[in-house]
Amino acid sequence: MPTSDNSKSLNLKDIKPSEENTETNGTEVFQTLVIEDIKYKTRLTKKFLNRKVYQPADPKKVLSFIPGTIKKIYTAKGKKVKAGDKLIDLEAMKMVNTIFAEENQSIAEIYVKEGDMVPKNQLLILFK
Amino acid sequence: MPVHEEFARARKHELFTNKRFMSLSSKSSDLKRRMQEALRGGGDKAIQKQKATGKLTARERIIALLDAKSFHEYDLFVEHAGRDFEMSDKYLPGDGVITGTGTINNYPVCIFAQDFTVAGGSLGYMHAKKITKIMDHAMKLKIPLIGINDSGGARIQEGVNSLAGYGEIFFRNTQASGVIPQISVILGPCAGGAVYSPALTDFVFVVDKISKMFITGPEVIKTVLGEEISMEELGGARVQAETTGNVHFFAESEMECFEQIKKLMSYIPWNNQKKAEPFPKKPPRVRQYSLEKVFPTNPRQPYDVKDVIRGICDDSDFLEVQDLFAQNIVIGFGRMNGYTVGFVANQPLVLAGVLDVDSSDKAARFIRYCDAFNIPLVTLVDLPGYLPGVDQEHAGVIRHGAKVLYAYSEATVPKITVITRKAYGGGYIAMCSSHLRADFVFAWPTAEIAVMGPEGAANIIFRKEIVEAENPDEMRKAKIKEYKEKFANPFVAAAYGYVDAVISPEETRDMVIHALAISADKKVDVPLKKHGIPPF
């Protein structure tokens, strides 16, 4: 996937390694890193290849902002909630955090039940 | 009856039946008996357990690290101060830590080693007192401090007193920072407070499969978060050396680790008022590391910059620091004409040598270390700039990248810069340019000092011509070529005096040695201040 020379924006796609671009120098096979339209032959690190790809926040999704335990669920699938209504109590680090609705919405799906242990950024509730 | 109970009972008995006028020889044999008891550490069983995991005991470690027969121990008879939870009946030899003085390469050091066989090397009040006492010695005597850490963390039974102990150690680490060299060796699982003291010291050493460091261990993570991870994956030596950058030297065995420490100690001065001891000068092994062989002129081709460093430093002997972390920048010690210098070099072999969050942190800290300990800096520049990407921006590459600017600007040791190939944009400024007060900037004829790479620049400057051309691709190529010829060279910068000399690569060693020699007594007036506010 070679990048076109006239691409001005430097998005993540531009600096992905591409097999077409690998080249052999002696015994080592190098990968390509594109910076400011220049393709450099180089090694890519594990950390670089595993970097987190950016995902914009989705207002339809409620994610756990901290890992913890679901203490209480105040609503149910199909119900309507108003801005300011309580949705879920998430206990983490010895504190109970209440998650409130930000807008008037209706619940499409709840993905957890009381007592569940959730990691960070897990989908808890999906709005319609 | 367990040893400690037997001992406690005997001691109690002695207190009441003590014959007040023993002969000298019986006093001496009494001393010997007490010493033997204390030197047994946690007892045979615990020692066997320690050895079964491939670890040396605390005392063996000290003896292996220091010059032969140089170790002298103090505070052997210190006893723990725990009063609650039936601790008062327990006997903990030396309270789980061995402290003393000795020599490395015939220079004096203060040292402590936590003894895992005694209550898991846990840190109680008196344990901490022994450590802070030897730290105070090191500061008074202005000699290096080496800490061998093998501790499960705070001794829970001693409650807030063990926290107090940690606090006292952290305070002294900070006070001593930049005054005496502080070296931490992690030789066991170190959790919680036990890892913060090493984090405050200059260099941290780990050994594969033996060292583990974390703030909260796998058990806590499992109960609180439900995530399962092994100690090794969470904070093993390799993770700390490759991923976190918390440590500086990685070894396969404890003996290799001690050799690394001795080698490092040969490069650094004993305190911040001194300079590192010079060594007999030796030329580099040029046949193996001829610049002609290791250095490609095409700015897009990678090469190992360590070979270039070896091509110019004494005996081609380069001690790399943090060789597994953020490999897109190389830092370490070498000698020029016998004198220690700190090398900082972009590594085109990895990520094209870009500056990013990790490599900026790594370089900036090393620059500040060298500045604090009077070690001149030699910087080799070949980078395309800062790494673009959302992850980098969101990780705060602005703040981290600024550390390099801060560290170089702040440093008052002699600063010599050699620009070998690319020096584009912000990367050019950051890598010890004359604007950040490099004393001498040399450029090879292959240097490209420009605001950005020719391709990117041509696309912006000649956008209109390219878009409007009949054949945009050809026009672009022509414009890139035009820009390359005009700006991708060292002579534009040299014309403004930003580069002091354009030199041929073979001259580099002589030029750098001369520059270092004449700036040996460099003095810089810094504005009066308590301290700056670096972008931590």
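Select B:Ile180 and, leaving aside its neighbours within four places in sequence, show what is in contact with B:Ile180: B:Ala138, B:Met139, B:Lys142, B:Ile143, B:Pro144, B:Leu145 and B:Asn271. Two residues are in contact if their C-beta atoms, placed from the backbone, lie within 7 Å. The model is predicted: local features need pLDDT of at least 70, side-chain atom pairs count only at pLDDT 80 or more, and totals for chains, interfaces and linings use all residues. Residues are numbered from 1 along each chain as its sequence is written, and chains are lettered from A and ligands numbered from 1 in the order in which they are written.

Stay on B:Ile180, which lies in the loop between α6 (160–176) and β5 (182–186) of chain B. Helices (H or I, at least four residues) and strands (E, at least two) are DSSP runs, numbered from the N terminus. B:Ile180 counts as buried because 24 C-beta neighbours lie inside 10 Å. A residue is buried if 20 or more other C-beta atoms lie within 10 Å of its own, exposed if 12 or fewer, and partly exposed in between, with C-beta atoms placed from the backbone.

Next select B:His435, in the loop between α17 (425–430) and β15 (440–443) of chain B. With 14 other C-beta atoms within 10 Å, B:His435 is partly exposed. A distance from the C-alpha atom of B:His435 to that of B:Pro348, 87 residues away along the chain, reads 24 Å.

Zoom out to the whole of chain B and colour by domain: domain 1 is 20–267, domain 2 is 291–451 + 488–518, and domain 3 is 454–487. These bounds come from an automatic or database domain assignment. The C-alpha centres of domain 1 and domain 3 of chain B lie 62 Å apart. Taken along the principal axes, the C-alpha atoms of chain B fill a box of roughly 105 × 55 × 45 Å. Chain B has 22 helices and 17 strands, and 49% of its 536 residues count as buried. Among its contacts between residues at least 6 apart in sequence, 73% join residues at least 24 apart.

Now select helix α20 (residues 472–487) of chain B. The 16 residues of α20(B) should span 22 Å at 1.5 Å a residue, and the end C-alpha atoms are 22 Å apart, which agrees. The expected span is 1.5 Å times one less than the number of residues. Show B:Arg476, B:Lys479, B:Ile480 and B:Tyr483, which are buried. Look down the axis of α20(B): the buried residues fall within an arc of 105°, so they line one face of the helix. The arc is that of the directions from the helix axis to the C-beta atoms. An α-helix has 3.6 residues a turn, so residues three or four places apart point the same way. What covers the buried residues of α20(B) includes α18 and α19 (463–468) of chain B. On the other side of α20(B), B:Glu474 and B:Glu485 are exposed.

Turn to the boundary between the chains, where 26 residues of chain B are in contact with 27 residues of chain A. On the chain B side, α15 (390–394) and α18 (454–461) are the elements that give two or more residues. α18(B) gives the most, with three residues. The residues of this side divide into 12 nonpolar, nine polar and five charged. Ala, Val, Leu, Ile, Met, Phe, Trp, Tyr, Cys and Pro count as nonpolar, Asp, Glu, Lys and Arg as charged, and the others, Gly among them, as polar.

Move to chain A and show an open sheet of four strands in the order β8-β7-β5-β10, with antiparallel pairing. Two strands pair if DSSP finds at least two bridges between them. β8 (95–100) and β10 (117–118) of chain A are the edge strands, each pairing on one side only. Six bridges join β7 (residues 86–92) of chain A to β8(A). The bridge partner of A:Lys86 in β8(A) is A:Phe100.

Finish on another open sheet of four strands in chain A, β4-β11-β9-β6, with antiparallel pairing. β4 (61–63) and β6 of chain A stand at the edges with a single partner strand each, so one side of each is left without a neighbour in the sheet. β6 (residues 80–81) and β9 (residues 105–110) of chain A pair over two bridges, and A:Lys80 has A:Ser106 in β9(A) as its bridge partner. β9(A) and β11 (residues 123–127) of chain A pair over three bridges. Here A:Ile110 stands opposite A:Ile125 in β11(A), and the bridge partner of A:Glu109 in β11(A) is A:Leu126.
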